[in-house]
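Colleague: I'd like to go through a few of the labels in this model with you. Could you show me the structure before we start?

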Amino acid sequence: MTFVPVIPESYSHVLAEFESLDPLLSALRLDSTRLKCTSIAVSRKWLALGSSGGGLNLIQKEGWKHRLFLSHREGAISQIACCLHDDDYVAVATSQGLVVVWELNQERRGKPERIYVSSEHKGRKVTALCWDTAILRVFVGDHLGKVSAIKLNTSKQAKAAAAFVMFPVQTITTVDSCVVQLDYLDGRLLVSSLTRSFLCDTEREKFWKIGNKERDGEYGACFFPGRCSAGQQPLIYCARPGSRMWEVNFDGEVLSTHQFKKLLSSPPLPVINLRSEPQYDHSIGSSQSLSFRKLLHVSEHCVLTWTERGIYIFIPQNVQVLLWSEVKDIQDVAVCKNELFCLHLNGKVSHLSLLSVERCVERLIRRGLWNLAARTCCLFQNSVIASRGRKTLPVDKLEHLKSQLDLTTYGDLVSQLEELILKLEPLDSACSSRRSSISSHESFSILDSGIYRIINSRRGSQSDEDSCSLHSQTLSEDERLKEFASHQEEDQPDHCCGSQGSEDHVSHASVAFETDKSETFLPFGIPLSFRSPSPLVSLQAVKESVSSFVRKTTEKIGTLHTSPDLKVRQEPRGDEQSCEEDVGPVTCPKEEDTEEKEEIISCPPEEDKFQELTMATAEAMTKLQDPLVLFEPKSLRMVLWEWLSQLEKTFAMKDFSGISDTGSSSMESNQDMLLLDESKKGILDEEYEKEERDSLGNEETVDQIACESVNSLREPLDDDIFQICSPWSIADSLQKDLAELTTLCLELSVFNSEIEGASGRGDHPLQQCSLEMLTCQFLKKYFFLLDLKRAKESIKLSYPKSPCVWDTFIEGLKEMVSSSPTYIKMEEGDLPTRLKLLEDSVPFDSPLLIAYAARLYEKFGESALRSLIRFYPSILPSDVMQLCHHNPVQFLAYLDSLVKSRPEDQRPSFLESLLQPESLRLDWLLLAVSHDAPPSTSTMDDEGNPRPHSHLFSWGYSQLILHLIKLPADFTTKEKMTDICRSHGFWPGYLILCLELERRREAFTNIVYLNDMSLMEGDNGWIPETVEEWKLLLHLVQNASTKPAPQQSPDGNFSDGPSPITVENVALLLAKAMGPDQAWSLLQECGLTLELSERFTRTCDILRIAEKRQRALIQSMLEKCDRFLWSQQA
């Protein structure tokens, strides 16, 4: 017997299938080839199964006994929706597009009856059904994008009314493509189509588009209800390409994008079922780029989706993957609480339950499935050890489970279970003593309800009763102590996030988290032998123990304040570091330790220094709430300037200039405040200025000269340092407000008290360069307060032509990460090794990622840029443009690789999503046609006309150019693109743009110059559409010179070149398009008949014969149809 593999992480939940629904389907006769299940829905009471024969089976979930059968003659059942707030109503859609609403009349024990039949979508495919959560109303969506609402009048209302009223169907909206999913909550209807998601306020009849970027494919969206007790607003989650989700508030504003692609590289968890033993493969797979075609809210904090490969359950608010398991060929999934009913493509239905691991093992033990329970326990032993659910799975149950296994057959399994029990012993000594007492003196059995029935062999012993009462009291005290220590971390085994609410961004719970939590119980420990059976005495002992612990802790804190040895910086844990990197405001590395260390190191005098700053910050934040200030630039700048004056006063460099000189040598090597030599920065500025002088025109050269003059006037400052972390500990609330205001100052160019009301950037080069200098100084001085993500975007938008500002920001990021182990390790090894280290060590959405990318680019150049496509969208093309601003052709290589990394059909839409702002389209096109292109002398003659066959030359970025050209754009942009293509000789793109702009005369003129008949042949050929265009083409060909020497084709071959454009070739094309007779008359009109050879005559004769035969065939078919119709009338 082999050992059961152990899952390394502590997975807290699992999918389990405790029963098969195959007998149910067989009883309903839904397992045959003629009749199978086509749709599924579930409510609190019913499981609804629609069949291909038009029948609707309603099975009561309790016992799977009571059944209703509703028949439909309108076709197969395509969609089902059960009313969640009233189990007496169900809506179905048929294959003909009819929607039927049933009232089941179960309360009055009557027959089910149809209360509404809607033909609003007749002839269409209904793709989504959804019930209102408050009233009896059904929302319907079809494949053409139409969404309607059916308001119902029930039979109960009809009895009270004088007449039965049928409310008309209301058309809610019509979206641009097929409706993928509908969801409804609190007056809001969520519509997800193939291109985007829409939010509809059905009461006010308002509609919003969610987000700006479109998508192409089946992507779902769902509401995420907030907890009313906590006052949380509901959220919306919308699926995005590449295993991403948008988190959207209830007003339709996108809050953030969650990326799950990297988290899904973990192996799938096995589904616990009765048919096979659970298997787990430790090999790590590649990242999964998935399309979530539907999103369903499951349990309390989770969102479920599925693909053809498996089921995925996320905790989106924590950006975690709760689990994913392989379940093949899923067509649809219906969810009720933590129950999943999966409809497969072959018509089978499976019933899965989302359970915590300990709850799953407990159910298996209750059913007597000893082998499966033991294997599950050993497989998920990390979760069992870290679990707080000891009431669900105490050590006694595990001992009983071990006793039920045959030692000869399951020897290895028993030994693994024994090791697991030994690991649980220190955490539950009371249970251990009780287990030893039971195993030595008593026996027990487990009832179906899960209750232990103790069979005492010493029934007449009074001492046993006393010991049992004492033991029960001991357990109650233990429970009270645990509730006292962790009253904010109550266990919720059936709610999938109960044990993960306060964890980090790791996809699964960590064992260390639970171990640290259990250690908090130790200071309150009271020896069992001294516990009094009286509850009052026990509570008094608890009180004394708590008081003693608090007193000792206070004394320790006092000694820590006076001990300088304890101020040595500790290395942060990896998970804490990743959490700190995810937040926007910069925090000092020494603050990445626990909050207790921060409180210990902080000194009371520092709080006095922040008192004025705190008051000024609170005042500024209050003023920013006033719309008259927030939307008035002058007032807003004045408020920020006043606050910035107080900030400069508080964080004056002279107050903490000597901090980096104190401490031991280890502190010096890992000092929190890193300095950047201004002379080195000046060298960088000079190099970039030199590059710009070489590439830019005279105007920008003047600007650089002016900028140099300002730099020469600037005196070196002693306090011009790079401040990457705060000299003192700052409270989280104050840190957040400081980051908001500091970043706002950067965005509005409010830098110091000497530039009050700096209302914009001047046109003078001196003023512009002075502003750049102030921006760089501001970044260095307050880098530790900035929101790095916002700061990066602000620099890209405000200083696109000022590389010194971007370089300063990158240098600050490098200083932040320079002491990290990852940055140090990345100094060695080849490019693939460093990229693998970067992927494994740095969070995907960290703002520090661009610093590592900059270091790779400095080391490896263009090859590093091409490899950065794997970090999209964390590193955007705009970031790469700034990185290689001195060598734009390298950015072109990155952009081309990024676009080619997408499937062929997704490249245009993906490229369009990158064009933000729209002006980038022309810049990128000009860049693409200017590099890796044939010389202009080969594509154009002296007059600027195309040379023959020059459209066949190879362009390095031709695919990228064609994608840019074919994207939708306004008329002015298209004209500019046409001029760019013509001036650089990119004739394929020029012809496409000419025909789009209806400049057909220019197009045909250049086609004649290119001298290639293939341009006017085939499915994509440009053929004249009118007689005037044919006359123009014939005139151009006649005037063109037909006597030059044979042109060498681009590949160096003379004989294999394209067919030339001659009068005869064009005449043959004309005969095929208009017919030989009309072609001949047009050629006579143009006076070109003498230039035609016998080949043209023979071709025309063949065309006439073919035309006659085709007419005869058509006439014969028409006569046969006519005779058939007359025979039917007779």
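Colleague: What makes S23 and S24 a pair?

Modeller: Two strands pair if DSSP finds at least two bridges between them, and S23 and S24 have 3. As for the names, strands (E, at least two residues) and helices (H or I, at least four) are DSSP runs, numbered from the N terminus. In S24, Cys302 is the bridge partner of Val298. This is a predicted model, where local features need pLDDT of at least 70 and side-chain atom pairs count only at pLDDT 80 or more, while totals for chains, interfaces and linings use all residues. Residues are numbered from 1 along each chain as its sequence is written, and side-chain values use heavy atoms, with hydrogens and water left out.

Colleague: Which strands are the edge strands of that sheet, and what makes them so?

Modeller: The open sheet has 4 strands in the order S23-S24-S25-S26, with antiparallel pairing. Strand S23 (296-298) and strand S26 (320-326) each pair on one side only, and they are the edge strands. On average, neighbouring strands here are turned by 25° against each other, direction ignored.

Colleague: Why does Ser51 count as buried?

Modeller: Buried means under 20% relative accessible area (1.4 Å probe, protein chains only). Ser51 has 4% relative accessibility, so Ser51 counts as buried. Ser51 lies in strand S3 (residues 46-51). Leaving aside neighbours within four places in sequence, its contacts (heavy atoms within 4.5 Å) include Leu30, Cys37 and Ile77.

Colleague: Now the helices: how do you know how H29 and H33 are oriented to each other?

Modeller: For helix H29 (residues 888-900) and helix H33 (residues 958-966), the axes come within 10 Å and cross at roughly 75°. Angles of 65 to 115 degrees count as roughly perpendicular, so H29 and H33 are roughly perpendicular to each other. Among the residues that meet are Leu892 and Asp896 in H29 and Leu960 in H33.

Colleague: And what is the arrangement of H30 and H33?

Modeller: Helix H30 (residues 907-914) packs with H33 at an angle of about 75°, with axes 10 Å apart. H30 and H33 are therefore roughly perpendicular to each other. Arg907, Pro908 and Leu911 in H30 meet Gln959, Leu960, His963 and Leu964 in H33.

Definitions and conventions. Axes fitted to C-alpha atoms, helices over the stretch in contact; angles between N-to-C directions. Parallel < 35°, antiparallel > 145°, perpendicular 65-115°, else oblique. Buried < 20%, exposed > 50% of the residue type's maximum accessible area, 1.4 Å probe, protein only.
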